[in-house]
Amino acid sequence: QVQLLESGGGLVQAGGSLGLSCTASGRSFSSYAMAWFRQAAGKERQFVAAISWSGDNRNYADSVKGRFTISRDNAKNTVYLRMNSLKPEDTAVYYCAANYSPYRATYVPGPRDSEYDPWGPGTQVTVSS
């Protein structure tokens, strides 16, 4: 099983951009589809985006479509989330999560957090108005 660690969170003004990274340790990162979730204070965890382990297929929440981009570099065991046109409502702790799918290179998991294990500890993103 992989272990995940997010980085790149911080404070940014509304309309700005920020990039998050999630680096995996352990074996077989390229057998995992990956996703980003977020959880705002006092709210439930919310799906943001997912990518197949081949990198060919992606899925986005409607709230971030056109503003966020998920990508991955299997050689670096890293998945990324590029966030543009940030809004105050994007403020949350952002988590990366993995879905073990070794024989399905183009499979993109759904938005339910029960489909994912393990998870990273999260990184805070704060967007000021």
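In what order do the 4 strands of the open sheet stand? The order is β1-β3-β8-β7, and the pairing is antiparallel, where strands are DSSP runs of E with at least two residues, numbered from the N terminus, and two strands are taken to pair if DSSP finds at least two bridges between them. The edge strands of this sheet are β1 (3-7) and β7 (68-73), each of which pairs on one side only. From one strand to the next the twist averages 15 degrees, with axes given by lines fitted to C-alpha atoms and angles running from 0 to 180 degrees between N-to-C directions.

The model is a predicted one, in which local features need pLDDT of at least 70 and side-chain atom pairs count only at pLDDT 80 or more, while totals for chains, interfaces and linings use all residues. Residues are numbered from 1 along each chain as its sequence is written, and side-chain values use heavy atoms, with hydrogens and water left out.

Strand β4 (residues 32-39) runs antiparallel to β5 and is joined to it by 5 bridges, with Arg 38 standing opposite Gln 46 of β5. These two strands form a hairpin with 6 residues between them, and Gly 42 in the turn has a positive phi of about 80 degrees. Strand β5 also pairs with β6 (residues 58-60), in the antiparallel sense and over 3 bridges, and here Ile 51 has Arg 58 as its bridge partner in β6. The hairpin of β5 and β6 has 6 residues between the strands, and in it Gly 55 takes a positive phi near 85 degrees.

The side chain of Glu 115 reaches the backbone nitrogen of Gly 110 at 3.1 Å. With contact defined as heavy atoms within 4.5 Å, and not counting residues up to four places away in sequence, Glu 115 touches Ala 98, Asn 99, Tyr 107, Pro 109 and Gly 110.

Notes. A polar contact is a pair of N or O atoms within 3.5 Å; within protein, one must be able to donate a hydrogen and the other to accept it, and residues adjacent in sequence count only if both atoms are side-chain atoms.
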